[in-house]
Amino acid sequence: MGSTVLFIIFVGLLHFISLVCGAPLAPALYVFGDSLFDSGNNNLLPTVSRADFKPYGVNFVEGDTGRFSNGRLVPDFIAEFLGLPYPPPSISIRTSTPLTGLNYASASCGILPETGQYLGKCLSLDDQIDLFQRTVRSSLPRHFKSSPDEQSEYLLKSIFVVCIGSNDYMSNYLEPRIYGTSKHFSPQAFAQHLLDKLSGQFRRLYNLGARKVVMYEIGPIGCIPSMTRKNKHDGKCVEESNQLVAYFNENLLGMLQNLTSTLSSSIFVRGHAHWLGYDAFMNPSKYGLLDTSNPCCTTWANGTSACIPELKPCPDPNHHYFFDGYHLTETVYSVLARACIDDKSVCSPTLKELVQL
């Protein structure tokens, strides 16, 4: 049995034990991002970017919840590590807001408000922070009526994880027939445009109480089936597309370090995971993977899009890198989560260290 599979089983057991017996390592987990982190918000929006049908969730205990994978996503593994329930989709909450966190992520959206909107309604990062603002100003005070200081302390100790930006390339910059960004910005200038916008959005989160924030790098978009099957390329990946996001990733750390140094008591952590995703793609056997080329499910448009509803997926999804034409399997998400939990070369401080600060 591979180390990745053992990790998945171990974290699941740890999650069950901590929920039953122990205090969590942080009071709450708040999640922001796109389809890599969306746990079901898009189910309630008028959009084609949804995953609330089989075979999505074929290996997930709750079934087809809207997660774009066969099983758990990175935030689910982080919640298990923290000893918290999986943060529910924020727009699904109709009664009392849980104190253990919420997921605001929305498939097809990005850092820029216009990204992905041609696919239907989605929540841009600005929209997601607007919803968090409503949580902070309207919902949480009902739980902390006696002491606003308690709410501040609660937010200070909570963990915030973010994964966003890939759609700003795939569903914006690389769609010149729909958007004009590639005409107006060089690749380097566009990356800086995204980072400047993201910096302002993180300042908003800080002003609303966030102090411990982990931002994952954009992954190797040039390796996904949606890119490799539509574009001519040498080798396994469309390296020109990987280079585009490299301009963003190379300057992400400096932007986050600047926020940490200028915003009192804040810690903005880079999830240095682009290389890890690329290594798993190029050297799959190291990670218990067998197939890095083909989606596990039968998709629309010859393996370049979403799963066709109700068709059976491949027999062993967790030996595949991709579940559909865009998204990863639970195995790959577990690798990305585990590395940030305890590998300083990926997250510094690690999540294990961050909860103690």
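Let me start with helix α4, residues 148–157, whose buried residues pack against β1, α3 (125–139) and β2, where contact means heavy atoms within 4.5 Å. Helices here are DSSP runs of H or I with at least four residues, strands are runs of E with at least two, and both are numbered from the N terminus. What we are looking at is a predicted model, in which local features need pLDDT of at least 70 and side-chain atom pairs count only at pLDDT 80 or more, while totals for chains, interfaces and linings use all residues. Residues are numbered from 1 along each chain as its sequence is written, and side-chain values use heavy atoms, with hydrogens and water left out.

Which residues of α4 are buried? They are Q151, Y154 and L155, and buried means under 20% relative accessible area, as against exposed, over 50%, and partly exposed in between, with a 1.4 Å probe and protein chains only. As background, an α-helix has 3.6 residues a turn, so residues three or four places apart point the same way.

Now to strand β2, residues 159–163, which is largely enclosed by the rest of the structure, because 5 of its 5 residues are buried. From this strand I159, V161 and C163 point one way, while F160 and V162 point the other way. Strand β1 (residues 29–33) runs parallel to β2 and is joined to it by 5 bridges, and strand β3 (residues 212–216) also pairs with β2 in the parallel sense, over 4 bridges; pairing requires that DSSP finds at least two bridges between two strands.

Let me turn to salt bridges, meaning a side-chain nitrogen of Lys or Arg within 4 Å of a carboxyl oxygen of Asp or Glu, of which the whole structure has 11. One of them joins E80 and R72 at 2.9 Å, N to O, and R72, E80 and E330 are linked in a network. E80 counts as buried at 2% relative accessibility, and R72 counts as buried at 10%.
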